Amino acid sequence: MQAAAQSAARTMNKSPLTLAFGGLLAMAAGIGIGRFVYTPILPPMVEALSLSKAQAGLIASANFVGYLAGALLAAMRLPGSRRSWLLGSLAINTCCLAAMGLTTLLPVFLALRLMAGIVSAFILVLSSALVLERLASSGKSALSAVHFAGVGVGIAVSAALVPMFSEWRMMWFASAVVTVIAGIAVAFLIDPDPAPIRVATEATPRTISGKFATLLAAYGLFGFGYVITATFIVAITRGSGEIASLEPYIWLLFGLSAAPSVALWARLGARWGPLQAFAVASVLEAIGVAAGAVWVTPLGIVVSSVLVGGTFMGLTALGLVAARQSGNGDPRGRLALMTASFGAGQILGPVFAGYVHDHAGGFTLPLLAASLALLAAGALAITSSVTLRRPA
């Protein structure tokens with residue numbers, strides 16, 4: 001393992017900062033835009049096509065079903081290099097974005113968002129494995145914050161881009177153009193693998209410890225807890241007369257809060273431990289989610305956007321760091337299982353929220369349920385931390 005790390009370090013021609021920036025662009029294109037651009041496009045798309053909130057939630061959940069499937073596939077033995085799979089996934093992500101503007105059929109929307117979800121999981125798992133491994137081998141692990149900041153950067157870019165267009169189709173096309181540019185840059189910034197990846201045994205762990213199982217459950221609850229706000233916050237803002245004027249800004253604020261948050265939570269994770277920091281971030285995010293339900297005022301929706309935007313990527317990174325530290329060997333399997341658990345929570349969230357909205361007339365109950373899920377995730381993280389410290 002040490003020899004492999006030294007080999008990777010010798011063959012890495014780009015500087016660690018250049019590599020981290022390549023990871024940032026991959027995450028921005030595949031996750032920040034590929035997954036989350038649906039949030040600001042959702043309101044005009046729903047109005048133009050007369051979609052119900054349940055249908056809108058179903059389209060969102062199709063993406064998360066794909067994300068779950070992609071996470072499981074990414075844990076398998078893949079022929080060739082991780083970089084080739086990463087670049088191919090970025091290309092497919094762009095095609096899916098562009099194709100969303102070429103149809104009005106719900107089944108096609110579902111298929112496209114399903115495929116986009118699959119490749120977004122590949123992008124997260126493979127780019128994280130490539131970038132984090134190489135940064136660690138060069139002694140620059142702190143630059144992982146730059147890599148994870150890509151999600152917030154992508155959200156902020158999409159928030160600034162989407163309002164430039166009045167027609168929902170053009171919003172999808174413009175998003176695709178941005179991801180093409182980012183994907184080309186990634187090809188130049190992330191070096192080829194030193195050799196094709198050959199895994200002697202399956203990347204997925206054969207056994208799961210009690211500590212890791214608790215962490216998986218916490219991560220799944222986190223996926224459910226954040227995703228309702230992340231999917232519907234722009235729609236919630238547009239649908240409330242008192243705060244509707246904030247619609248062009250609330251998603252931008254969400255992304256700007258997310259971009260620097262990973263560095264903050266990484267520092268707190270290093271000081272307190274990743275699981276303790278995960279618990280604190282879960283509580284803050286629970287407060288932010290609840291604020292969107294019970295405090296529907298300009299200040300309340302800003303608090304919700306800042307707290308959820310400022311914690312969800314920190315929680316994502318802290319969970320993956322904890323997973324990497326929970327075992328030895330190739331971390332790809334553990335990262336993939338965490339991503340799968342996260343994806344399972346995300347699948348349920350939008351469908352649940354859309355169904356309850358259409359039958360109860362609002363998002364209050366789904367948001368409160370999500371807030372409780374985040375509190376439970378924090379409690380499980382503390383339990384997992386105690387299990388880790390308990391003497392054998």
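Student: In this predicted model, where is the place of Ser50?

Tutor: Ser50 sits in the loop between helix 3 and helix 4, the latter spanning 53–74.

Student: What makes Ser50 count as exposed?

Tutor: Its relative accessibility is 62%, and exposed means over 50%, so Ser50 counts as exposed. Ser50 also has a positive phi of about 55°, although it is not a glycine, whereas most residues other than glycine have a negative phi.

Student: Why are helix 3 and helix 8 called roughly antiparallel?

Tutor: Helix 3 (residues 38–49) and helix 8 (residues 168–189) pack at an angle of about 150°, and their axes are 9 Å apart. Angles over 145 degrees count as roughly antiparallel, and the two helices are therefore described in that way.

Student: Which residues in helix 3 and helix 8 meet, and how many are nonpolar, polar or charged?

Tutor: From helix 3 come Tyr38, Ile41, Pro44, Met45, Ala48 and Leu49, which meet Trp168, Met171, Trp172 and Ser175 of helix 8. By class, this contact has nine nonpolar residues, one polar residue and no charged residues.

Student: Which residues have the most contacts inside the largest nonpolar core?

Tutor: In that core of 90 residues, they are Phe36, Trp172, Phe222, Phe278 and Phe312. Helix 9 (residues 210–239) gives the largest share of this core, with 15 residues. Another core lies apart from it and has 17 residues, including Leu19, Leu24, Leu86 and Leu130.

Student: What does Trp172 touch, not counting residues up to four places away in sequence?

Tutor: Trp172 touches Val37, Tyr38, Ile41, Met45, Leu97, Met100, Gly101 and Arg113.

Technical notes:
Residues are numbered from 1 along each chain as its sequence is written. This is a predicted model: local features need pLDDT of at least 70, side-chain atom pairs count only at pLDDT 80 or more; totals for chains, interfaces and linings use all residues. Side-chain values use heavy atoms; hydrogens and water are left out. Axes are lines fitted to C-alpha atoms, for helices over the stretch in contact, and angles run from 0 to 180 degrees between N-to-C directions. Helices (H or I, at least four residues) and strands (E, at least two) are DSSP runs, numbered from the N terminus. Angles under 35 degrees count as roughly parallel, over 145 as roughly antiparallel, 65 to 115 as roughly perpendicular and the rest as oblique. Contact means heavy atoms within 4.5 Å. Ala, Val, Leu, Ile, Met, Phe, Trp, Tyr, Cys and Pro count as nonpolar, Asp, Glu, Lys and Arg as charged, and the others, Gly among them, as polar. Buried means under 20% relative accessible area, exposed over 50%, partly exposed in between (1.4 Å probe, protein chains only). A nonpolar core is a set of buried Ala, Val, Leu, Ile, Met, Phe, Trp, Tyr and Cys residues joined through side-chain atoms within 4.5 Å.
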